[in-house]
Amino acid sequence: MNHRQLLQDARFLLVTDPRPDLAARVAAAVGGGVDVVQLRGKRASREELLPLAVELKEISERAG
């Protein structure tokens, strides 16, 4: 399934920013039925966001 189709089929979307408890919050949200997670950080650099995005990808993959 491509990204566009995934977004069209999503029922619940979580938009979040970097925060100390990000991994736990996202894991709980995905476990509760969130289909798509968007990580946004207006003031965060790519170097700050990339490791977080990788961690969230792993959480999402484990949840299926």
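**Threonine 16 and its surroundings**

A: Start with the surface. Leu7, Leu13 and Val15 make a nonpolar surface patch of about 280 Å². Of these, leucine 13 lies in strand S1. Strand S1 covers residues 13-16, and threonine 16 is in that strand too.

Now the residue itself. Threonine 16 is buried, because its relative accessible area is 10% and the cut-off for buried is under 20%. Setting aside neighbours within four places in sequence, threonine 16 is in contact with Leu22, Val26, Val37, Gln38, Leu39 and Arg40.

Follow the Leu22 contact. Beyond residues up to four places away in sequence, leucine 22 touches Thr16, Asp17, Leu39, Leu52 and Leu56.

Next, the core. Leu22, Val26, Val30, Leu56 and Ile59 form the largest nonpolar core, which has five residues. Helix H2 and helix H3 (46-63) each supply at least two of its residues. H2 gives the most, with three residues. In soluble globular proteins, nonpolar side chains tend to be buried together.

Finally, confidence. This is a predicted model. The mean pLDDT of the protein chain is 91, and 98% of its residues reach 70 or more. Among the elements, helix H2 (residues 22-31) has the highest mean pLDDT, 95. Helix H1 (residues 3-9) has the lowest, 80. Where pLDDT is low, the predicted coordinates should not be read in detail.

Key. Residues numbered from 1 in each chain as written. Heavy atoms only, no water. Helix = DSSP H or I, 4+ residues; strand = E, 2+ residues; numbered from the N terminus. Buried < 20%, exposed > 50% of the residue type's maximum accessible area, 1.4 Å probe, protein only. Contact = heavy atoms within 4.5 Å. pLDDT = per-residue confidence, 0-100. Patch = residues over 30% accessible without salt bridge, like charges linked within 9 Å, V, L, I, M, F, W, Y side chains within 5 Å. Areas by Shrake-Rupley, 256 points an atom, 1.4 Å probe, with all protein chains shown as cover. Salt bridge = Lys/Arg side-chain N within 4 Å of Asp/Glu carboxyl O. Core = buried A, V, L, I, M, F, W, Y, C linked by side-chain atoms within 4.5 Å.
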